[in-house]
Amino acid sequence: MTKQQFIKKYNLTEAQYLGTEEIKGSLDLQSLTSIPEGFCPTVGGSLDLQSLTTIPEGFCPTVGRSLDLDSLTSIPDSFNPTVGGRLDLDSLTSIPDSFNPTVGGSLFLSSLTAIPKTFNPTVGRSLDLS
């Protein structure tokens, strides 16, 4: 799906797509398996992307509540989201050295098999590494 098709299908403005204008409320994109490059939203509520298996380089969401990325198996080096509530990344088995998200609530990374020495996230509530 192209950027323009994505914007039209999900009724977004160009500014919302780029993250310069906040998307009020939540954005449910749980059935998507991929997103176009350049999508970098600011979402006031939750962002559900639970079916994504990969994200493009440069994906940098700011989410007020929860960000659900449960099906991701890898993340790019540049991925460091800011999430006010919960960040779910339960299918990741490894994280890049540069991964240090800011999470106001809980960070779920229950499938990791190793943690880089540089891992130093900001987590307000709990960190699940079970």
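Student: Starting with Asn11, is it buried or exposed?
Tutor: Asn11 counts as exposed, at 67% relative accessibility. The cut-offs are under 20% relative accessible area for buried, over 50% for exposed and partly exposed in between, using a 1.4 Å probe and protein chains only.

Student: Okay, and what am I looking at overall?
Tutor: This is a predicted model, where local features need pLDDT of at least 70 and side-chain atom pairs count only at pLDDT 80 or more, while totals for chains, interfaces and linings use all residues. Residues are numbered from 1 along each chain as its sequence is written, and side-chain values use heavy atoms, with hydrogens and water left out.

Student: Back to Asn11, where does it lie?
Tutor: Asn11 is in the loop between α1 and α2. Helices (H or I, at least four residues) and strands (E, at least two) are DSSP runs, numbered from the N terminus. Asn11 also has a positive phi of about 55 degrees, although it is not a glycine.

Student: Which side chain meets Lys3 in a salt bridge?
Tutor: That's Glu14, at 2.5 Å from N to O. Lys3 belongs to helix α1 (residues 3-9) and Glu14 to helix α2 (residues 14-18), so this pair ties together parts that are 11 residues apart in sequence. A salt bridge here is a side-chain nitrogen of Lys or Arg within 4 Å of a carboxyl oxygen of Asp or Glu.

Student: How much of each one is accessible?
Tutor: Lys3 is partly exposed, with a relative accessible area of 27%. Glu14 is partly exposed too, at 35%.

Student: How many salt bridges does the count come to?
Tutor: Two, by that rule. One of them links Asp88 with Arg86, whose closest N and O atoms are 2.6 Å apart. Asp88 counts as buried at 7% relative accessibility, whereas Arg86 counts as partly exposed at 35%.

Student: What order do the strands take in the six-stranded sheet?
Tutor: The order is β1-β3-β5-β7-β9-β11, in an open sheet with parallel pairing. At the edges stand β1 (27-28) and β11 (126-128), each with a single partner strand, so one side of each is left without a neighbour in the sheet.

Student: And which strands make up the five-stranded one?
Tutor: That open sheet runs β2-β4-β6-β8-β10, again with parallel pairing. Its edges are β2 (42-43) and β10 (122-123), each with a single partner strand, so one side of each has no neighbour in the sheet. Within it, β8 and β10 pair in the parallel sense over two bridges, and Thr102 has Thr122 as its bridge partner in β10.

Student: New topic: which residues form the negative surface patch?
Tutor: Glu37, Glu57, Asp77 and Asp97. Asp97 sits in the loop between β7 (87-88) and β8 (102-103), and it is exposed, with a relative accessible area of 53%. Patch residues have over 30% relative accessible area and no salt bridge; like charges are joined within 9 Å, and nonpolar side chains (Val, Leu, Ile, Met, Phe, Trp, Tyr) within 5 Å.

Student: Which residues make the nonpolar patch?
Tutor: Ile115, Leu127 and Leu129 form that surface patch, with about 230 Å² of accessible area together. Leu127 lies in strand β11 and is partly exposed, at 38% relative accessible area. Areas come from the Shrake-Rupley method with a 1.4 Å probe; for residues, only the protein chains shown count as cover.

Definitions and conventions:
Lys, Arg positive; Asp, Glu negative; His and termini not counted. Charge placed at Lys NZ, Arg CZ, Asp CG, Glu CD. Pairing = 2+ DSSP bridges.
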